[in-house]
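Please look through the model shown here before reading my remarks, and keep it open while you go through them. I have written the points for someone who is new to reading structures.

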Amino acid sequence: MKKLPGIFNDVIGPVMRGPSSSHTAASWRIARTAVDILNDKLVKALVEFDRNGAWAPNYREQGTTIGMDGGLLGLDITDERIRNTESLAIEKGVKIDYQVSSFANAHANTVRLTLWGISEKKIEIIAVSLGGGSFEIRSVNGFNLTLNGEWHELIIFIQGKPGFSEELKNSIPPDIEFLFQQKEELTLLEFKSSFPFSPEFINQFQNYREITELSVIHPIMPVISGRQTEMPFDSLQSMQEYAEKNNSDLGKLGLIYEMCLSGLNKRELNQKMVDIIQIIHRSIDTGLKGTNYTDRILQQQSHLIDKAEKEGKLKNTVINRIIANVTALMESKSSMEIIVAVPTAGSCGTVGGLLRAVAENLGLNNDELVKAYFAAGIVGALFAQGPGFSAEEHGCQVECGAASGMAAAAVVQLMGGNAKQALGAASMAIQNMIGLVCDPVADRVEVPCLGKNISAAVNAYSSAIMAISGFDEVIPLDQVIETVSRVSKSMPSCVKCTGNGGLALTNASVILKNKLKER
């Protein structure tokens, strides 16, 4: 069965520090999982990027090293110390090297990670970042597998012994998924579970002398997989039919979707969303108060809107608040403060900045805001079933474009619109962003990212107003999302977050990049 993207696992989140969810958060998750697989005290790591991949030109500037170092050193991604891991690595006696190499891979964001432990253990993994912080470890010591951080996993390497896996099958509980592969004299056993493995289950393997390695891998995503219940809709059309039949708005549909996917109840999911919203609002407040960070292009600008209003240059409007909020979120991101990637770090300003401004303008309570975020979440889940959120594969149309569609649907929810209007608003908003390239100046996620986030938010606001007023979106949302995937195939890789095209090649960008290197 095809894996459905979760609102909390794939769309709204991760909670993180760093400039990029695909570079920083995914790298952190890959590294943390790799350390679990090593199952030994780490002493050395070699991190390699393919020279033809998207990460090779900008892995330092876009925060891949920040996330990777933090994960290898056992830091939480929200830990303040992740800003500077070099001294901590020295303190812990861990040597971390980075290298651009050549190796076979099938994804633009691929990393080869080799770890050595204090007991002379060694593992080699191949992993990919899928956008928005999602990841997959696709190979461990040459064995193909899929680890995505959503399960409790047990990996065992054994020497030979044909029939070992058959013998084992009889003792495996029905709620544990069991896979095995054999290569010559080495066999890999892989167990997946929605719940932690009992000590008794793990201890039974201690009787087998043929076992060479046993690793318990802990889930790293917010929601554990494998606890889902039947979904009442499985397509955009059936979702719309369900909404009309049950008089459900899009916020309710988002909540139902996540309840069925996660196995969590309404109270638990609402509380998760409340926590997320609080973090986003704190990030806005942090940005508005002022942030400082050396390695960035743009210093504080979010306060300039309020300053211009006080000087009489501008009148206080909801658009002004949107611009200030979006800018504040982007400034928090660029100064390594804690933010929520919605749906990515590079587009984190759009949804949060817009929804806070509109909710405050309409005088709405927190419950209405929670519903709006679930409306945004289910649009994001539909988008994730299509192209996903990797700018390295599809350009910024899947970051700011997706965020704009999510935000438009959420604003309709705040305005009291129905599910059809919210989905129509999402369609119109994304239509206006199709073909948007990703060409960050000086390889920083700041310019033109700030302007694109602001444009995406205002586009979402106008799309919501059009939908509420009865404007016709003409093209259904699912067909718009399909078009994004189709258009991305005709976009050259140089405008897909590689720093090799667009504004990144201007003289001003080159000068900035050189200046930043000197700091």
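The points below take up selected residues in turn.

1. This is a predicted model, in which local features need pLDDT of at least 70 and side-chain atom pairs count only at pLDDT 80 or more, while totals for chains, interfaces and linings use all residues. Residues are numbered from 1 along each chain as its sequence is written, and side-chain values use heavy atoms, with hydrogens and water left out.

2. Phe8 has its place in helix 1, residues 7-11, where helices (H or I, at least four residues) and strands (E, at least two) are DSSP runs numbered from the N terminus. Phe8 counts as buried because its relative accessible area is 4%; buried means under 20% relative accessible area, exposed over 50%, and partly exposed in between, with a 1.4 Å probe and protein chains only. Leaving out residues up to four places away in sequence, Phe8 touches Pro222, Val223, Glu258, Leu269, Lys272, Met273, Ile276 and Phe374, where contact means heavy atoms within 4.5 Å. Phe8 and Lys272 are 264 residues apart in sequence, and their C-alpha atoms are 8.5 Å apart in space.

3. Asp443 sits in the loop between helix 16 (419-431) and helix 17 (449-469), and it counts as buried because its relative accessibility is 3%. Its side chain makes a polar contact with the side chain of Lys513 at 2.6 Å; a polar contact is a pair of N or O atoms within 3.5 Å, of which, within protein, one must be able to donate a hydrogen and the other to accept it, and residues adjacent in sequence count only if both atoms are side-chain atoms. When neighbours within four places in sequence are set aside, the residues in contact with Asp443 include Pro57, Asn58, Thr498 and Lys513.

4. Glu399 is found in the loop between helix 14 (391-394) and helix 15 (400-414), and, leaving aside neighbours within four places in sequence, its contacts include Pro343, Thr344 and Phe389.

5. Pro343, one of those contacts of Glu399, is joined to Val342 by a cis peptide bond with omega of about -10 degrees, and Pro343 lies in the loop between strand 12 (339-340) and helix 12 (348-362). The peptide bond from Val447 to Pro448 is also cis, with omega near 0 degrees, and Pro448 is in the loop between helix 16 and helix 17.

6. Most residues other than glycine have a negative phi, and most peptide bonds are trans. Against that background, Glu120 has a positive phi near 70 degrees; Glu120 is in the loop between strand 4 (110-117) and strand 5 (122-131), and it counts as exposed because its relative accessibility is 75%. Cys497 likewise has a positive phi, of about 60 degrees, although it is not a glycine. Cys497 lies in the loop between helix 18 (477-489) and helix 19 (507-518), and it counts as buried because its relative accessible area is 5%.
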